[in-house]
Structures are given as structure tokens and as C-alpha cells.
Amino acid sequence: MSQHPYRTLPEHCFWTEAVANRKRSDVDPVLTAKFALARDDRIATAGSCFAQHIARHLRGHGFNYFVAETAHPLVPKHLADKFGYGVFSARYGNIYTSRQLIQMLQRAYGSFFPVEDCWQRKDGRLIDPFRPQIQPDGFVSKAEYESDRRQHFAAVRRMVEEMDVFVFTLGLTETWISRGDGAAYPLCPGVAGGEFDPARHEFVNLRAAEVSADMREAFSFIRARNSRVRFIVTVSPVPLIATADDRHVLVSTTYSKSALRVACEELAADYQDVAYFPAYEVITGSYTRGQYFASDLRSVTEDGVGHVMHLFMKHYARDRREPPDDTASRSSEGDAAGSRQSQIIKNIVEVMCDEEALRR
Amino acid sequence: MLQVVCVGASHLHSLRHAYALRQRSGEIDFAFKIFQLLEDRYKPGYTSVDGQNVFNENFGIDFQEYLDTSKPSAVFTYLGGAEHALLSLTKSPRPFDFYIPGEDVQPDLNSEIIPYDLMLATCRYRVSNMSPWFPHLRSFTKLPLYQVGPPPPIAGDDHITLQADPVFSEAIARYGVAPARLRAKVWEVCNTAMRRVCEENLVHFVAPIAEARDADGCLLLQYRSHDALHANAAYGDLMLDRIVQIARERRDTESI
């Protein structure tokens, strides 16, 4: 029998053994994690819609999920969720592209000031072009808008400087930018605020090299302020809901995900402290026979998310603690004080508030 | 004689005292009936069973009997009204403030600024506890419903510190009393929320007595009660005038 390199390869290198002949839930493309997460590592997240699932599961599985921008303790949780608090580590909403990420960091540190940085609705309410859905009906005044953004940027800076691990999920290559200064919007102007103007806005479909360059710049930016941080990058498996390129959305989806995947591969290969986590492969691999997508063929099912997070914990969370009672991790002094106040309010409601007493 | 009825809880005391004083002085040309939901026989007001609100039977029997025998022209409610205190009587360990649309006064920018919409939604969440009562009351009568807005927050840090309900003691000792203007702002937003809940339930909202407010928007000292939340009989007297006037107008309209 002739010898060749494939004779000695491990099982996971062979499709039949590693994929085709395995139960769906046993497919594990991770193999080994590049680094492990310690019990107290502060894990921050950002990214596209799929990143919300990751954030939710991190919170629910005993990780030290780091939320630098929490809602005030007076605010009930369902309202905090509705207003975008705790969905990610700061209230930046979905960050779909690498360009958005680096610009968000630059804006938070005052090194980029987009010309078009506020959209006014016809009713006078104000929308943040860079997080247009964070405030369901916009801000009531310019002063409120600016106050909230100051707080938001302070939270982003705190996140950058205090996190131990940053999990970023890349979602899209397609983006809309300002022709004036290149500011990248998460949504096309006019969709959730603002007005589309072809003289001011243009469509850009980032190439793999551009994604890679943006991410390198983002890593460098963060490392300059926090040398201990490690990065986990993932690619969202969620297909594009629409493409602005004049071609089939399936073709655009394949391009977009491929470019993002290539960028991640290069980043993980070039940096010791950057790991790629194959959530994309777990969800989209043909071994699932599409079972990890809901009926719209876009939304990822809880089964799929569960498989991803099972692998994440298996490989990264060797020192994981049990889920806490309060799934939203609160670790700063201010948040501890907030929890105390929440408890005090709860006590007062139970004991004193007479209308509450009417309902047992 | 004009029949006036009000269903509520702790804020009813100011109306009850005001009415009692009028009775003693003999200046009375109406009958005032209150349904005090804090009475043992009416507790609990309602319970949730399989997602359905099941209301106190004693209340239903008494209220129906009153309606049948007294024939009021409207039904007033004085429900809720402690929400603003719950949210802002004491300073927060995370000091906060907020902008109010159309108001030029700058909030405390050293505090955390809560977006107004979120503040309103938070107040509304607290205020909404009273809303199940409206369809319940409507199940007894087609008379118009009027919800009375709660009195402004009490002024005077020392008074609040000494007279607040014991459940606030720990928070007051630890954090102190919140600034008067902030407490008044939270009360205003709670009233906005209450007004909206009323509108959605086709309930008229009876605004609190504007003339009873001081420069910060809190209750003038002559109207505060012995505790840190409620108004006294003098305030109740002003509100009773307003309620009686509405009831009289309703009766006169019906009789035309």
C-alpha cells in the first residue's frame, strides 16, 4: 500500500467520518480552542443579528458577560430590552460590517466626527444614523440625543478598556456610506430614519481585503488601549435579506459570507490572540439539511443556536461557572449599587405600594 | 341630593377627611361615598387566575348595591399615585435625570440621563397596575369614569426623612432624599403616563390641583399630610370641589 499524507490524517479531516456519518448534534468543527476563557474573563460582544444570540447565551450560561451600558435600575427588564440595553455590551445596536466597527471605536474616542450624524424626523424626533433602531421613536431633542450619545461613547470606551475577550460577529460586506466622509451606516438612509440621497450616499460592497484591513485596524485600536484583550471572530450564518447589487440575493449572500470568512481566516492565521469560531459552518453546513434555519430560510433556529453555543462552551469555557440567578452580569460598583436599588424598589413595591397590595 | 362616589386607596383619605370636615360644618349638599380598597373586606382587590383577573366579590356586591340605590351621575376613581415616590423619593445610587419635551430647564448633566421615552415607559409600567379596574368597574355601569390624578410630591427633605413609610428608611438613610425638582418631574411623567392609560380605557382624567404646587412643582406645605406621600384634607377639599363640580355637571347634562 502506497504512503501519502492522507494516510496519517486524523478522523476530523475526512468528510465521511467527520460529517456525513455523524449525528447532526455530534458534528464538531471546532476541534480545539485557541485559548480558554477564564472564570472571570469579561466577555464583550458586538456584531450582526446573530451576535445577539451569542450574547443571550453567554449571559445565560454563566459567563462573565460584560455589559458596560446597562439600563438604569429603575427600568424594568422588558423595557431595557426594548430600548436596546444589554443586547450587546454597549447600546450600539447591530454592527453589521467591519467598517462600522472601526468607525464606532473612532467616534467613541473622538477621532472621527461624521458630517451627517443626526437625522430629524418630520415630527421633530431625532434618529442616530449609526444606531437608528436603538430608540424606538427617536430622541425628543438634540440635547437629549447628545447626552445619550455621550453616555454611550463613555460606555464603549469602558468596554474597550476593561474587557478581556471581544467576540465580534461579522454579518455583511454590503454597506451604505456617506460620500462626504465615508461614514458607514448600519442601514441604508431612509430605511429606519433619514432620507436617501444619491448625491450624499453611496453603496459599497467591501472586499475581503478591505474587511481584513478594517478588522486589523480595529484590533490595533483596541490593543492600544487594552493590551490583554483577546478576540474571537465569527461569521453570521444569516443570509442577506436583500442585496443592493444588481444580482441574485443568493449570489450576493455567497459572496458576502465568503469574503467575511476569508478575512476571518487570515486574521486568525496572522494573530495569536485572534480565534475564529466556526458558527457559520455549524449552521450552514450541508449536514444539517437546512434544519438549523426556520421556515423563512434566514432565521436560525434555537436548535442551531444551541449547537453553536454547546460547542462554544465545550471548547472555550473549561472553567465555566454555573448560571447566576440574574443572567445579566453586573460587575462594577455602580451596577452593584443598581442591584441594591432594584432590591430596595422591589421591597418597597411589595410592602408599601398600595395599588400593588390590591393585587396578590 | 347629588350622589358622588369614589373608588380608590390611600389617596382617598384626603377626600374623606375633607368631606368629614364639611359634614361637621353643615355645609353639605351632596352625599359622598367612598370605596376604600385597602379595607380588609376588599382585599385582595383582584387575583390573576390562569391569566384572568378575578376581582374581589365583596366589592362587587357592595358596589352594585350602591349603584342600584344611590344613582350617582359618574364614578370617580383615585387609584394608584404612589408610583412617583417608588421611582424617585430617595436619591438613586446611580443618580439620574431626564429631559422633558418642550421644557427648557437643563437636567443635571452630572447624572445619568435617561431618555424621556424610556422614563415615560417606565412610569407607565408602574402606573398600569390600576388599569384592570377600569373594565371591571365598567362591567357594573355605563356611567362615565373619572380617574383623579395623584397630588404632587411632598416638599421638605426633613419632613420626608422623618415621616416616610418605614420601607423607605433604609434607602433614605443610605442615599438621602432625591432633589425636589427631580421628584416633581417624575410625578409629572407618571401623570402623563396615567393620562394615557386613562385615554386608552376611555376614562376621563381629573388633573391634580395646579395651584397647590410650589416653585419646584412639589406640593405646597399647607397641603401636605403627616406622611411623605399624601396630601391633607385642605388639598382634599380643593379636589372634592372639582369632583363635585364634575358630578353636578354630569347630572345636569343627563337631566336636560
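**Confidence, packing and backbone**

Chain A has an average pLDDT of 89, and 88% of its residues score at least 70, pLDDT being the predictor's confidence in each residue on a scale from 0 to 100. This is a predicted model, in which local features need a pLDDT of at least 70 and side-chain atom pairs count only at pLDDT 80 or more, while totals for chains, interfaces and linings use all residues. Residues are numbered from 1 along each chain as its sequence is written, with chains lettered from A and ligands numbered from 1 in the order in which they are written. Over residues 349–360 of chain A the pLDDT stays under 50, and the model has 31 contacts for them beyond four places in sequence, a contact being a pair of residues whose C-beta atoms, placed from the backbone, lie within 7 Å. Where pLDDT is low, the predicted coordinates should not be read in detail.

In chain A, helix H4 (residues 98–108) is mostly covered, with 10 of its 11 residues buried; a residue is buried if 20 or more other C-beta atoms lie within 10 Å of its own, exposed if 12 or fewer, and partly exposed in between. Helices (H or I, at least four residues) and strands (E, at least two) are DSSP runs, numbered from the N terminus. Among the buried residues of H4(A) are Leu101(A), Ile102(A) and Met104(A), and the buried residues pack against elements of chain A that include helix H5 (142–162) and helix H6 (208–223). H4(A) is followed by Gly110(A), whose phi is positive, near 75°.

In chain B, helix H4 (residues 116–127) packs against helix H8 (residues 180–200) at an angle of about 60°, with the axes 8 Å apart. H4(B) is therefore oblique to H8(B), since angles under 35 degrees count as roughly parallel, over 145 as roughly antiparallel, 65 to 115 as roughly perpendicular and the rest as oblique. The residues making this contact include Met119(B) and Leu120(B) of H4(B) and Val189(B) and Ala193(B) of H8(B).

Most residues other than glycine have a negative phi, and most peptide bonds are trans. The peptide bond from Lys43(B) to Pro44(B), however, is cis, with omega near -10°, and Pro44(B) lies in the loop between strand S2 (30–36) and strand S3 (46–49) of chain B. Asp50(B) has a positive phi near 50° and is exposed, with 5 other C-beta atoms within 10 Å.

Note on methods:
Axes are lines fitted to C-alpha atoms, for helices over the stretch in contact, and angles run from 0 to 180 degrees between N-to-C directions. Two residues are in contact if their C-beta atoms, placed from the backbone, lie within 7 Å.
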